[in-house]
Amino acid sequence: MGMTDFEVVSNYSSVVSEMLNELHVGAKVAWLGQKHPSTNEDKFIFDSIMSGVNNDLVHDFYDLNNSQFDNSIKWNVHDEWDIKDYDLVLGLRVLYLCDSVEKLLRNLKKISASNKMVVFDFMTGNPTRVDDIEVFSKSNDSKTILPFFPEFYKGKYSVKQNHEDQVITLDKIEGSGMVIKNILTFRDSVKNRFYTLCEVRSES
């Protein structure tokens, strides 16, 4: 666990804990990209958030390696998402695995229309300075998505894509029939990336 991870989790924990505490007792929550806590693997974010939760909720865990415990569902972020009827769907530190904006927008629209509340975080690439402008990109010719929401950032920035289906923007989200509610945007002090935690809503 690097310094960036600790900083990100410290920013997310209290905000997401409050969301969970505001749900009604018995509400259903889907955690996308989260191994079941009983595996004792990759649970730092989950434990940090749940340490501030005092609500009795039903939690389901969606991850590629889930299947052996109750409430664990095997799920591949690259497939079509069949996730519905939840009070809250949480996708933290998982969208960076996606490699197609077109497919991601289709999945986001699908689940935002079939669940009460959907919350994801979006992380930019690493910045480099070009002609006094910070340019965000993915290194090593990475094909994974590159979120770029300059409306939420302070300053002047640009983005450099590695392929045409890589950069996701607010315009593309809104053009697909969704709206974004910015919950939290911050910049980490280690790699200088922007993180945006937001609610995704379907307009239809």
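**Salt bridges and exposure**

Modeller: R129 is exposed, its relative accessible area being 54%. This is a predicted model, in which local features need pLDDT of at least 70 and side-chain atom pairs count only at pLDDT 80 or more, while totals for chains, interfaces and linings use all residues. Residues are numbered from 1 along each chain as its sequence is written, and side-chain values use heavy atoms, with hydrogens and water left out.

Colleague: Why is R129 called exposed?

Modeller: Exposed means over 50% relative accessible area, buried under 20%, and partly exposed in between (1.4 Å probe, protein chains only); R129 has 54%, so the word exposed applies.

Colleague: What makes R129 and E134 a salt bridge?

Modeller: The term asks for a side-chain nitrogen of Lys or Arg within 4 Å of a carboxyl oxygen of Asp or Glu, and this pair, at 3.9 Å from N to O, therefore qualifies. E134 has 16% relative accessibility, so E134 counts as buried. Salt bridges with shared partners join R129, E134 and R187 into one network.

Colleague: Is D87 buried or exposed, and what is K116?

Modeller: D87, at 11% relative accessibility, counts as buried, whereas K116 is exposed at 66%. The two form a salt bridge, with their closest N and O atoms 3.3 Å apart.

Colleague: Why are E80 and R106 called partly exposed?

Modeller: E80 has 43% relative accessibility and R106 has 40%, so both values fall in the range between the two cut-offs. Their side chains meet in a salt bridge at 3.1 Å, N to O.
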